[in-house]
Amino acid sequence: MKMQELQAEILRLKKETNTAILAHSYQGREIVEIADFTGDSYKLSVDASRVQADNILFCGVHFMAETAKMLSPEKHVFLANSGAGCPMAEQMDRDIIGQLKAKEPDRAVVAYINTTAELKTVCDVCVTSSSAVKIVGAMESNKILFIPDCNLGSYVKKCLPDKDIKLLQGGCPVHASVTAKDAEQAKKAHPNALLLVHPECVPAVVEMADYVGSTSGIMNYAIKSENQEFIIGTELSIAEHLQYECPEKKFYPLSKKILCPNMKLTTLPDVYRSLKGMESGDAFEIHMSDELIVNARKCIDEMIRLGG
């Protein structure tokens, strides 16, 4: 079956099963084209809470599907590829964070959304890269424990010097693999290009950027900018999407290393098989206890409240 034929069949099955497809921006173009909602983690969290369909099919990684289930517990939520996880989300243990919280009860725990539902149960508020500075700045507590991404945490700390922000060693191994030397070489190769980077990159790279922001922020900046050339310092798929959005502009990946293998696991046939297998039980459905949903959702609801 050709790609266009498969896409057409997916669109038919989507209506037949009353399913909304949510796709993270790191997904391939062929998947983004058939999705009802696309965007970064924050946008998709809000979208998940507003979905009217009976079923949600998530094209992304496991913690994102968990978040969708928390926000729409009455719906059936499926993950297109059951093997799509997130190394950062699994870096920290609930018990360890609980112990740290017990030692400093006046220090609020801020969790990057790239965390498991279990870990979210011991956190006060969740943030995404697009909302972290705004949310931490709006919090009443001045003492913060930011987990798990120390690079995003370092960026928040720099933006909010009046806050006492404690960091732990953790983060996205893909974004963290990019070095200042990589950025220097990219800027030298493309001297007329603006450097746009994700705050999951190491501080030395972030300091060299012309713009620092979330996936959606980077895309919006590049689309609206009068500049014609950009070095994109986040997952390789974003440079590809921008080339489709603005074919008259030039986009260069900061590094070939910024490739998320977990995001790339999901294929168009995965989406097709998931839609076909919903009624038979062959699709991978997210199941969470009511207790876990209630306890983990508190910090998600607080994120949406403070994030506005």
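Begin by selecting helix α9 (173–176), which gives the most to the lining of the largest pocket, with three residues. Helices here (H or I, at least four residues) and strands (E, at least two) are DSSP runs, numbered from the N terminus. The model is predicted: local features need pLDDT of at least 70, side-chain atom pairs count only at pLDDT 80 or more, and totals for chains, interfaces and linings use all residues. Residues are numbered from 1 along each chain as its sequence is written, and side-chain values use heavy atoms, with hydrogens and water left out.

**The largest pocket**

Select Y26, N114, C172, E200 and M263, which lie nearest the centre of the largest pocket among its 28 lining residues. The volume of this pocket is about 320 Å³. On a 1 Å grid over the protein atoms alone, a pocket is an open set of points with protein on both sides within 12 Å along at least five of seven lines, whereas a cavity is a set where a 1.4 Å probe fits but cannot get out; lining residues have an atom within 4 Å of a point. Grid points are joined across faces, edges and corners, and a volume is the space filled by probe spheres set on the points.

Keep α3 selected. Seven of its 10 residues are buried, so α3 is largely enclosed by the rest of the structure. Buried means under 20% relative accessible area, exposed over 50%, and partly exposed in between (1.4 Å probe, protein chains only). The buried residues of α3 are S41, Y42, L44, S45, V46, D47 and A48; they pack against β1, β2, β3, α4 and α15.

Next, select S41, L44, S45, A48, F58, F63, M64, T67, A68 and I113, which line the largest cavity. Its volume is about 50 Å³, and the structure has two cavities of 30 Å³ or more. Both α3 and α4 supply at least two residues of this lining.

**The four-stranded sheet**

Turn to the open sheet of four strands, whose order is β2-β1-β3-β4 with parallel pairing. Two strands pair if DSSP finds at least two bridges between them. At the edges stand β2 (37–39) and β4 (76–79), each with a single partner strand, so one side of each is left without a neighbour in the sheet. From one strand to the next, the twist averages 20°. Three bridges join β1 to β2, and A23 stands opposite T38 in β2.

Now display the helices that pack on this sheet. Helix α4 (residues 62–71) touches β1, β3 (55–59) and β4, and its direction makes about 175° with that of β4. Helix α14 (residues 268–277) also touches β1, β3 and β4, with its direction at about 160° to that of β3. Such angles run from 0 to 180 degrees between N-to-C directions, with axes being lines fitted to C-alpha atoms, for helices over the stretch in contact. Contact means heavy atoms within 4.5 Å.

Strand β11 (residues 229–233) pairs with β9 in the parallel sense over four bridges, and V197 stands opposite G233. Strand β10 (residues 211–212) pairs with β9 in the parallel sense over two bridges, with Y211 as the bridge partner of L196.

From here, select I232 and L254, the residues with the most contacts inside the largest nonpolar core, which has 82 residues. Such a core is a set of buried Ala, Val, Leu, Ile, Met, Phe, Trp, Tyr and Cys residues joined through side-chain atoms within 4.5 Å. The largest share of this core, seven residues, comes from helix α15 (residues 290–307). Leaving aside neighbours within four places in sequence, I232 is in contact with residues including L196, I238, F251 and L254. Apart from this core lies another, of 17 residues, among them I34, A80, L268 and A283.

**Two backbone details**

Finish with the loops. A cis peptide bond, with omega about -10°, joins I147 and P148; P148 lies between β7 (143–147) and α8 (150–159). N18, in the loop between α1 (3–16) and β1 (19–24), has a positive phi of about 55° although it is not a glycine. Most residues other than glycine have a negative phi, and most peptide bonds are trans. With a relative accessible area of 34%, N18 is partly exposed.
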